[in-house]
Amino acid sequence: MVIHKSTSEKVFDVFNALFMIGLIIITIYPLYYVIMASISDPKQLLRHEGFIFLPLGQATLKGYKLTLNNPNILLGYRNTAFYVLVGTLINLFMTSIGSYVVTRKHFHFRKLLLIMMTITMFFNGGLIPLFIVVQTLKIYNTVWAVLLPGAVSVWNLLIMKTFFEGIPASMEESAIIDGAGDWSVYWKIILPLSKPVIAVMVLFYGVGHWNEWFYPMIFLRDRGKFPLQLFLREILVLNQSSGATKATAENMMEESYFKELIRYCTIIAATVPILCVYPFLQKYFVQGVMIGAIKG
Amino acid sequence: MSTQLVTTKHLLKKESVGKTLIKNIKKHPVLYIMALPVFLYFVIFHFFPMYGLIISFQRYIPAKGLFGSPWVGLKYFTDFFKDMFFWRLIRNTFTLSFLDLVFGFPVPIIFALLLNELTSSKFKKITQTITYMPHFISLVVVCGLIFTFTRSTGPIAQIVASWTGTDITNLLGQSQNFRTIFVSTNIWQGFGWGSIIYFAALSGIDPSLYEAAVIDGAKRMKQVIYITLPGIAPTIIILLILRLGQIMSVGFEKIILLYSPATYETADVISSYVYRKGLLELNFSFGTAVGLFNSVINFALILMANTVSRRVNQTSLW
């Protein structure tokens, strides 16, 4: 089909493209700024005001050296790796068995469990009752307080359930005739057929754990168990909001020559891993949102 | 006679339900074992906390627990209604949510529509990949970026100062700026990602509709109004309902990261107050009461939104 474009449509196309380029710049610039600042000369960086387009002074990797030797950052990375790995495994296990049982026609409490889950989507006990439950279970200040309260996201479970419902019943029927029990059907038939949705779940839950800071903040006291985000908060947020006035900000500058530089390097060190993998995984994320959308 | 019949029938049925259950469990024991952890999870981490809401009617003493603490009736609720910050919290919660909704909700839709009009599919892909990216930056880092850009040496503070002709200041230190910063950075972080769902809806529209429109001589603007928008309307409505259901929670994690006593005037919302009073000042019962008040209003809002939407155009969550 040949489409003839009128002049006004051509004008629109040009403006639309320019608008998109503008959006791209707005999206990218903050990160670009941080990257340029992170390799700037620390002395000039302290004095600098306003935009940065190129590294100030002689480019240096000194800040990265200091950042990567910061014991808190290393500890945070290690703890976060643990939370992402173990947390996501727990999430996957719980979400998939949950989806499995609620898609079994012969499961007597199918409806009950679904109703229970739906209720939790619209109503919850709130922060303090959850805190009391965590204390009562004696898991306060343990890794379990970070891993367990969010073990299942109902939203994710519904995405997985939708996927399981799409698996042809004939696949499992033949296995059942061969004498396979529920566990074998789940483990040997359903899970291997669900790789795409599992990939989506790994990403959703994994990114969730990577970003998590609020529950670790209220449920952990011991700094040795802090995830990366809590150390980042100390460096990036508390520093700033505690010294919200200009006077203290200036004191801070005198205090430490490298503080500014480290700030920028920390942002990059904490963001780059996820931004590097993201473009390759983008299609799975989009897939996940779409399965969710069909469900919604 | 007939009553008796019904009763026996009822009994028979009841017995058979119990029997089938036992038979079912005996036949599929593994299934019930598999269901157990999920069931326990929801009971422990969702229903116990709901039960724990009773402490908002008690003067909760941790040592005495949920069962031994003395009852105080509605004391903590009336305390909250009389709280000097009550109206400020209500006002801030609704204002921030409302602004976030009014400015934040349409942006992904408009963006998806404009993106859909791009002629080069490669350019479209690049734009998508880049604009989804901020979604993956952690909230703590985003707030770090906000601090960096809005403090007195930051580029945004500099621009604002030169445009308005005022002194360069730390923007986040002043309560009148909090709303703008909160809402605009939410949009920055979320508009790309938020557009995915609309983009999916757009690709679901039957292309023959457009072909027919072109034959009828409809211009692109007309096509958008008469085909595209109606095509994604159900998605928009569902997301709007879901969004209304979150009105009372207004991204309080971000608020807690960004606010300071200097900006409480515009930044402090009900959920951040719950956190401060309940967990920082350890006033468990009061905090729970405030939280319960928040949830009840929230729930009422979802019900309302759902009912209205069902009446108006047959689209609803349930």
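**Close-up views of a two-chain predicted model**

**Figure 1. The contact between chain A and chain B.** In this predicted model, 79 residues of chain A are in contact with 73 residues of chain B. On the side of chain A that touches chain B, the element that gives the most is helix α15 (residues 259-295) of chain A, which supplies twelve residues. When the residues on this side of chain A are sorted by class, 52 are nonpolar, 20 are polar and seven are charged.

**Figure 2. Chain A and its overall form.** Chain A holds 15 helices and zero strands. Its radius of gyration is 25 Å, whereas the globule rule gives 19 Å for 296 residues, and because the value is well over that figure, chain A is more spread out than a compact globule. Along the principal axes, the C-alpha trace of chain A spans about 75 × 70 × 35 Å. Of the 296 residues in chain A, 36% count as buried. Among the contacts in chain A with a separation of 6 or more, 72% are between residues 24 or more positions apart.

**Figure 3. Helices α8 and α11 of chain A.** Helix α8 (residues 154-165) of chain A packs with helix α11 (residues 195-211) of chain A at an angle of about 175°, and the axes of the two helices are 10 Å apart. Angles over 145 degrees count as roughly antiparallel, and α8(A) is therefore roughly antiparallel to α11(A). On the α8(A) side the contact is made by A:Asn156, A:Ile159, A:Met160 and A:Phe163, while α11(A) brings A:Val197, A:Met201, A:Phe204 and A:Tyr205. By class, the contact of α8(A) with α11(A) has seven nonpolar residues, one polar residue and no charged residues.

**Figure 4. Chain B and its overall form.** The secondary structure of chain B consists of 16 helices and zero strands. For 318 residues the globule rule gives 20 Å, but the radius of gyration of chain B is 26 Å, well over that value, so chain B is more spread out than a compact globule. The C-alpha atoms of chain B fill a box of roughly 85 × 60 × 40 Å, taken along the principal axes. Buried residues make up 36% of the 318 residues in chain B, and residues 24 or more positions apart account for 63% of the chain B contacts with a separation of 6 or more.

**Figure 5. Helices α5 and α10 of chain B.** Helix α5 (residues 86-104) of chain B and helix α10 (residues 175-203) of chain B pack with their axes 10 Å apart, at an angle of about 40°, and α5(B) and α10(B) are therefore oblique to each other. The crossing in which α5(B) passes α10(B) is right-handed. From α5(B), the residues B:Thr95, B:Leu96, B:Leu99, B:Asp100, B:Phe103 and B:Gly104 meet B:Arg179, B:Phe182, B:Val183, B:Asn186, B:Ile187 and B:Gly190 of α10(B). Sorted by class, the contact of α5(B) with α10(B) has six nonpolar, four polar and two charged residues.

**Figure 6. B:Lys124 and its surroundings.** B:Lys124 lies in helix α7 (residues 121-132) of chain B. Because B:Lys124 has 16 C-beta neighbours inside 10 Å, B:Lys124 counts as partly exposed. Leaving aside neighbours within four places in sequence, B:Lys124 is in contact with B:Leu115 and B:Leu118. B:Val183, which also takes part in the contact of α10(B) with α5(B), is 59 residues from B:Lys124 along the chain, and the C-alpha atoms of B:Lys124 and B:Val183 are separated by 26 Å.

Notes
Residues numbered from 1 in each chain as written. Chains lettered and ligands numbered in written order. Predicted model: local features only at pLDDT ≥ 70, side-chain atom pairs only at ≥ 80, totals over all residues. Contact = placed C-beta atoms within 7 Å. Helix = DSSP H or I, 4+ residues; strand = E, 2+ residues; numbered from the N terminus. Nonpolar A, V, L, I, M, F, W, Y, C, P; charged D, E, K, R; others polar. Rg over C-alpha atoms; globule rule 2.2 N^0.38 Å. Buried ≥ 20, exposed ≤ 12 C-beta atoms within 10 Å, placed from the backbone. Axes fitted to C-alpha atoms, helices over the stretch in contact; angles between N-to-C directions. Parallel < 35°, antiparallel > 145°, perpendicular 65-115°, else oblique. Left-handed = near helix turned anticlockwise from the far one by under 90°.
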